[in-house]
Every structure is written in structure tokens, then in C-alpha cells.
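Please look over the sequence and the structure shown here before reading the briefing that follows.

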Amino acid sequence: MLNGRCDRSMGATLAATTYRHPELFDGLNTLDLLELCGSMAAAAGPLNLSQPTISRRYQKISRDFGLHKSTRHFIDELHYGETECMRLLRRAFQSHRLGSGVLRIGTDPLRQGLIEGARQVLPVPAQFRHIRTLHRLVDSHILDGALLSSLELEALLPERPQEPDYLGLEEPESWSVPAAQPPGPRLCRNTAQEWDGCLLVPLGCWQLGLVATAGVHELPPRWTEVIVPPLACAPGLASAVRQQQWMVQQSPQGFNGSSGQQGLESQQLPCIATPSWFAGLGCCASGVRWLDLATPIREQIWLLVSPSTWEQYPVLAELAGTIKASIGSFDAFNAYNNRQTGGQLAC
């Protein structure tokens, strides 16, 4: 990868898996994808079904199991209904997935590159979601894990005592970060943490940067608008951008897959980005430039899992190892790219 080219593992699609769920779980799989996609229209593509077919499936499963669609959306609730029976069925579906060696992992476009190429990961729509939403999806067994940013965790939980070391690793660092430090953790933490019945497994740290269109060679002046994800989903990242003395401009479309470059060019604004998102722009975005921040923003990535599934299924630990290696590789890619091209993405 460190030859100035984009590695194939940084591509735009997840590696294919041979997993097929039993027909018994067809209706439940449709219900899960509705929760993950947010609407019947959005779920039609991933399910390879028409919207009327999805609607009929939901009507049947909701009638059979007494589900009621929520009329008001809260960040920590399931929108398409849940019962105790449905929760047990989801645990059975999850057991079949994990027993087959495959996973559903929730992530967003900025961090999707960390799991691309992992053969044990099933495709899940990469969307910006509040971390409370991801917690609910993991706790409800719809997702087997989710990637979380320390920026969002520390925005939600600014003061937190040291938790027991669930993985037997030593870590003297406390949860809170002194105000004098740059945004993000001072050091990469290696201690698993408990959060509301789930487990946060540390995967590693990297440094965020600013991505600008071709021709921009230096950081913009103060109060320049910078593209960020929706504030409702990523308030911690937006706060870190404001601490750079820039203004935030919400634009979720600017981070979506191959449209990332078009989003930058259409708005003529820089965006805050992760190393994997920048590398994932690929050769089609030649000339787009990575700019290191004057005040570094370091982000730690956490894997949110259920403690019982983490202990029972080694495929989760295998994925954690893969992601740890990816974080280091993408950071090294950006460092090499900066030395060779001055931050300009080159093929």
C-alpha cells in the first residue's frame, strides 16, 4: 500500500461473503434492514426487493408478532417495533450469523474503510447515526458490533470513572480528557470499558485531517466553513472542528462513497475527514489534498459489542485485530502520501 497507490482493501465495496441466512429468517432480515436503512424505499436496494414487497413483508411480520411502528422517532428506540418474542428471535438469528463466522457491523462513511475488504463482514448501509442509536441496535441484536468515535463518546460522557479492565489489560488513563489537551484522547487506550450493558473494545487511534479540493495548499483561515456530518449524529466531531476556529457546514451527502469528491467540488468547501475516507476517494479524485491540522484532532476507534457475544464468538476478536491493523495502515498511508506528494492524492 505504501507505494503511493491506493490499496485494493481500501475499495468502495465490502468483500463478498458466501453466507445465506435460512429462509426461516426472511421476514426478520427484512425487519432488521428496515431498522438499519430507515425506510422501505432505502431498504429496497440492499434487500434486492421492490418497495411493495417489503411493505407486504412488514405488514405480515408486524401482524404475526404484534409490532407497532413508532410515530415519533427517538434516537434510542427501534422505529419498526419490538417485542420480547422478537428480541429472542433476533438472538437466534445473531447466533446463526456468528456461528457461521460472519458479522453485521454498523459504521458510517468516515470509518467504513476500516472494515472494507473484511470477508467476515456482511454489507450494512454506512450511515451517520447517533451513538445511542448504535447502542440500541447492538443491544437489540440487530448489529453484532458498531464502530464508535471517542469524540462522540466523550461528548456524551465527558466525566466517567475508570471501569474494570474486562480484557485483562492495564491502562492508567482516566476516561476524561483535560481541557488543555487537543480534542480526542491523549493516548490510545487499551482497556475495554463497560457502557450501559455493552462492552467498548479499544481498537487504536489515528489523526483526523482536512481534505480540500485541488489547488488548495494550506489550511483555511479562521471562521471558514468546513463540511461536517449532521450535528445530530456527530456533535463531538463538530465541536472539535469549532475548536479549530472554523464554522461547521452540515452535509451528509459530501461523505457518501464515490460522491465524496463531487460533494467537495460542488460546495467548494474543505471537509473534516479520517485517513480511511481520504484514501478511499481513490484515483478518481487525483488532486484532492490532505492537510494536517495545526492543532491535531486524535480520534480513538472503539468496537461496541455485547459482552456475551464477545466472549462466545472469536470472530469478533478476529475482526478487532483486522481493524487495528487497518488503522495503522491508513495512518501510514497518509504519512507516506504527505511526504511524497505534499498531501495530494495521487495514483
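Which residues in α2 meet which residues in α3? M40, A41, A43, A44 and L47 in α2 meet Q51, I54, S55 and Y58 in α3, where contact means heavy atoms within 4.5 Å. This is a predicted model, in which local features need pLDDT of at least 70 and side-chain atom pairs count only at pLDDT 80 or more, while totals for chains, interfaces and linings use all residues. Residues are numbered from 1 along each chain as its sequence is written, and side-chain values use heavy atoms, with hydrogens and water left out.

**Helix packing**
- Helix α2 (residues 40-47) and helix α3 (residues 51-65) pack at an angle of about 105°, with their axes 9 Å apart.
- That angle makes α2 roughly perpendicular to α3, a term that covers 65 to 115 degrees.
- The residues of the contact of α2 with α3 divide into 7 nonpolar, 2 polar and no charged.

**Strand β5 and its partners**
- In strand β5 (residues 198-207), 9 of the 10 residues are buried, meaning under 20% relative accessible area with a 1.4 Å probe, protein chains only.
- Strand β4 (residues 193-195) runs antiparallel to β5 and is joined to β5 by 3 bridges, with W195 opposite C198.
- The hairpin formed by β4 and β5 has 2 residues between the strands, and D196 in the turn has a positive phi of about 50°.

**Cysteines**
- Counting pairs of cysteine sulfur atoms within 2.5 Å as disulfides gives 0 disulfides.
- C233 is buried, with a relative accessible area of 18%, and C271 is buried at 1%.

Key. Buried < 20%, exposed > 50% of the residue type's maximum accessible area, 1.4 Å probe, protein only. Axes fitted to C-alpha atoms, helices over the stretch in contact; angles between N-to-C directions. Helix = DSSP H or I, 4+ residues; strand = E, 2+ residues; numbered from the N terminus. Parallel < 35°, antiparallel > 145°, perpendicular 65-115°, else oblique. Nonpolar A, V, L, I, M, F, W, Y, C, P; charged D, E, K, R; others polar. Pairing = 2+ DSSP bridges.
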